[in-house]
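Visitor: I have this one open on my screen and would like to go through it with you. Could we start with the terms?

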Amino acid sequence: MWDRLLVDCNIACLEDRPGSPLGLIENGAIGITDGKIVRVGKRTELAGYRAKQVDALGGAWVTPGLIDCHTHLVFGGTRADEHAMRRAGATYEEIAKAGGGIASTVARTAAASDDELLDQSRRRLHALMRGGCTTIEVKSGYGLDTPSELRLLRIAGQLGKDEAVRIVPTLLALHALPADQKDRRAHYVSEIVDKLIPEAAKQRIATSVDAFCEGIAFTPQEVERVFKVAAHHGLSVRLHAEQLSNQHGAALAAKYRALSADHLEHLDEVGAKAMAAAGTVAVLLPGAFYALQEERKPPVALLRKHKVPIAVATDCNPGTSPMLSPTLAINMACTLFGLTPEEALAGMTVNAARALGLAHSIGTIAAGKQADLCVWQIESLSELGYWVGLPGPERRIFGGKDA
């Protein structure tokens, strides 16, 4: 006797099946017990099985729950004023030099109480959940010192309590250099590697460590110091790489077998080959590309050529990607970057799970996986990449229960 049986549905398992890379099953059924999938297949294959609850879905499409594998969800205030500056022609670098950018959010985040940050962040969290997300990665990065970064990680962890969603906290250890550390770069990085990363690992409040490798941020040498210490403490690594220039960050990330390298507009073939060899996922962030009005697109053809897994995420943040819709990210990945609808869906399910190191438990519809699902009232899967700002699924199922 199963807990639940979903029938009369079409299923995109996102696992390769004979004749279908997305693992499509028409007129399928899914059995669920104890929050996990126990059986998936044709409805006729599950005939005779019994469940406490049987739901006929009226021919809807069922996909894995969406996974937003790159967000900066916990922050104070907004940067709507910078949106106006950017429309007037100011560049990312010019806004940062004028005291805006990350430093502005750091100040507003520090000024907000824990309860205020939780309230603001929870509203953003709920928007992503309504869009179909069942797993959301949340980075720190708006503290820039050890106590403040640990505070943001704790708040990220609290976000997931009493919510039907899985939060994956990431320590964004190197995000921006504080103004008072401009002449003490080495000292600042030493504080990060000697105090922040060890303490985050000790408290077990982050699953991975991230950094921003860029001309306006941190050098490959500084990032490598962070990666070495993260590895020593048993933490996975990720990297903001090749967004505004080619710092060869993707190859560095691959050297340390990073879960992902993100942005990648300036990725070269050497970096793509290294990522492929290491199994490092390419996370594309069309919201930032759109908001910054960039012209150079990530080299999707290069990623395909070398079979680098491609993920898609919102990059929800106050300055360069104020996006709260995972379905819009899917659409933008198709319209701006040229992904197929199938690639974009895989980018927010199976490949996003890989980018978080969670492919063993989420991202596909298969026996033994968590029963995190989206039920879409659409005629074809292509509609997920077609509609501009599709509101979200008809049902979002988390751990086998409607959420």
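Guide: A polar contact is a pair of N or O atoms within 3.5 Å; within protein, one must be able to donate a hydrogen and the other to accept it, and residues adjacent in sequence count only if both atoms are side-chain atoms. The model is predicted, so local features need pLDDT of at least 70 and side-chain atom pairs pLDDT 80 or more, while totals for chains, interfaces and linings use all residues. Numbering runs from 1 along each chain as its sequence is written, and side-chain values use heavy atoms, without hydrogens or water.

Visitor: Okay, what does the side chain of asparagine 317 reach?

Guide: The side chain of asparagine 317 comes to 2.8 Å from the backbone oxygen of aspartate 315. Asparagine 317 sits in the loop that runs from β12 (310–312) to α12 (326–335), where helices (H or I, at least four residues) and strands (E, at least two) are DSSP runs numbered from the N terminus.

Visitor: Is asparagine 317 buried or exposed?

Guide: Asparagine 317 has a relative accessible area of 5% and is therefore buried, which means under 20%, with exposed over 50% and partly exposed in between (1.4 Å probe, protein chains only). Beyond residues up to four places away in sequence, asparagine 317 touches His72, Phe75, Tyr142 and Pro322, contact being heavy atoms within 4.5 Å.

Visitor: Which residues does UniProt list with Asn317 as "binding site"?

Guide: The unreviewed UniProt entry gives that feature to Tyr142 and Gly319 as well as Asn317; its positions are in the numbering used here, feature names are shortened, and annotations may be inferred rather than shown by experiment. These residues span 178 residues in sequence, yet no two of their C-alpha atoms are more than 11.9 Å apart, so they gather at one spot.

Visitor: And where is tyrosine 142?

Guide: Tyrosine 142 belongs to the loop between β6 (133–139) and α5 (146–159), and at 4% relative accessibility tyrosine 142 counts as buried. Its contacts outside four places in sequence include His72, Phe75, His175 and Asn317.

Visitor: Which other residues carry the "binding site" annotation?

Guide: According to the unreviewed UniProt entry, His70, His72, His240 and Asp315 carry it too. Although these residues span 246 residues in sequence, no two of their C-alpha atoms are more than 12.3 Å apart, so they gather at one spot.

Visitor: Changing topic, which residues of helix α9 are buried?

Guide: In α9 (residues 269–278), Gly271, Ala272, Met275 and Ala278 are buried, while Val270 and Ala277 are exposed on the face turned away from the buried side. The cover over the buried residues includes α8 (249–255), β10 (260–263), β11 (281–284) and α11 (300–305).
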